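Please describe the fold, the core, the aromatic pairs and the surface of the model shown below.

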Amino acid sequence: MEMTMFIPLLLMICSFSTAQLQEEPDNKTIPHGKQTESRGGEPANASDHQPAYPQDIHAVLREMSALLAEQRVEMNHLKRDNEAQAAKLEGQTTVVDNLKQEISQLQRDNEAQKATLMTEVDNLKQQLQAKQVAFSASLLASGKGHLGPFNTHTPLVFRRVVTNIGNAYNPNTGFFIAPVRGAYHFEFYIGAHGHNSYPSAAVLVKNGEHIFAAWEHQSNGYGSSANGATLLLEVGDVVFLRLYQNTRIYDDGDHQSTFSGHLLFTM
């Protein structure tokens, strides 16, 4: 920038010097008869005709030096301002980058919390579903008739399911499998027409262990019996009804022989 200011000023000085040199012969021409005396008869003052351009050049140079000094000061100010602005901009860029990183981290944290929350919700749903356990079924899916007698103990399969909340009861095997640890209550009702040789009897079984039995025997008419129990079951424990050997059970469209159970509370 200093060179840009200096070149025009230098051209201006050269032009001014050339003009002064061109005017110098004219200034030295003295009219005839007045070379030694002035109009008043006094000798001419030689200093009145000496050239003045050297002093003008020095003045211009001094002015140029002052301008250049001012330009240097102004450029230094601009340089400092630019450096300050650059530092400020760099600081703002750093702040923006930090904010972007914080936003990205917050988004990642939010996704992680969302995934954790969804997992907890799913677990709560599963626990809620596990706590809702109840079933009720009758012996025959359709028709009527006696089942038995058999010469050995035989598991009973209650095929007509009216309620099976939690799907813990299997109508294909007759097994109830505990989905959660807790206290469960079971009830069963059995009946049969009277017979001289074959009573009606069934037993509640837990994991192969006989718990409670229901027994009825009469020679004619229709007889029924019932029983129930509250059991503490672990996850996977199996509960079912077993028909005693040489006994029989009856069911028809009235669904008189039934097996039911439900979860009282978890433990």
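## Basis of the model

The model is predicted, so local features need pLDDT of at least 70 and side-chain atom pairs count only at pLDDT 80 or more, while totals for chains, interfaces and linings use all residues. Residues are numbered from 1 along each chain as its sequence is written, and side-chain values use heavy atoms, with hydrogens and water left out.

## Overall make-up

The protein has 2 helices and 12 strands, in the order α-α-β-β-β-β-β-β-β-β-β-β-β-β along the sequence. Helices (H or I, at least four residues) and strands (E, at least two) are DSSP runs, numbered from the N terminus.

Of the 267 residues, 25% are buried. Buried means under 20% relative accessible area, exposed over 50%, and partly exposed in between (1.4 Å probe, protein chains only). Among contacts (heavy atoms within 4.5 Å) between residues at least 6 apart in sequence, 74% join residues at least 24 apart. The accessible surface is about 17600 Å², and 54% of this surface belongs to carbon and sulfur atoms. Accessible areas come from the Shrake-Rupley method with a 1.4 Å probe; for residues, only the protein chains shown count as cover.

## Nonpolar core

A nonpolar core is a set of buried Ala, Val, Leu, Ile, Met, Phe, Trp, Tyr and Cys residues joined through side-chain atoms within 4.5 Å. The largest one has 27 residues, and Phe176, Tyr184, Phe186, Leu204 and Phe259 have the most contacts inside it. At least two residues of this core come from each of strand 1 (134-138), strand 6 (182-193), strand 7 (200-206), strand 9 (222-233), strand 10 (238-243) and strand 12 (258-266). Strand 6 gives the largest share, 4 residues.

Leaving aside residues up to four places away in sequence, Leu204 touches a set of residues including Phe186, Phe188, Ile211, Phe212, Leu231, Phe240 and Phe259.

## Aromatic pairs

Rings of Phe, Tyr and Trp (its six-membered ring) pair if their centres lie within 6.5 Å; planes under 30 degrees apart count as stacked, over 60 as edge-to-face and the rest as tilted. This rule gives 13 aromatic pairs. Phe158 and Phe259 form a tilted pair, because their ring centres are 5.7 Å apart and their planes lie at 45°. Phe158 is in the loop between strand 3 (154-155) and strand 4 (160-165), and Phe259 is in strand 12, so the pair links parts of the chain 101 residues apart. Both Phe158 and Phe259 are buried.

Phe176 and Tyr184 have ring centres 5.5 Å apart and planes at 70°, so this pair is edge-to-face. Phe176 and Tyr184 are buried as well. One aromatic cluster is formed by Phe135, Phe158, Tyr169, Phe176, Tyr184, Phe186 and Phe259.

## Surface and salt bridge

Leu232, Leu264, Phe265 and Met267 make a nonpolar surface patch of about 390 Å². Patches are made of residues with over 30% relative accessible area and no salt bridge: like charges are joined within 9 Å, nonpolar side chains (Val, Leu, Ile, Met, Phe, Trp, Tyr) within 5 Å. Met267 lies in the segment after strand 12 and is exposed, at 53% relative accessibility.

The structure holds 1 salt bridge, defined as a side-chain nitrogen of Lys or Arg within 4 Å of a carboxyl oxygen of Asp or Glu. Glu234 and Arg181 form it, with the closest N and O atoms 2.8 Å apart. Glu234 is in the loop between strand 9 and strand 10, and Arg181 is in the loop between strand 5 (176-177) and strand 6, 53 residues apart. Glu234 is partly exposed at 35% relative accessible area, and Arg181 is partly exposed at 31%.
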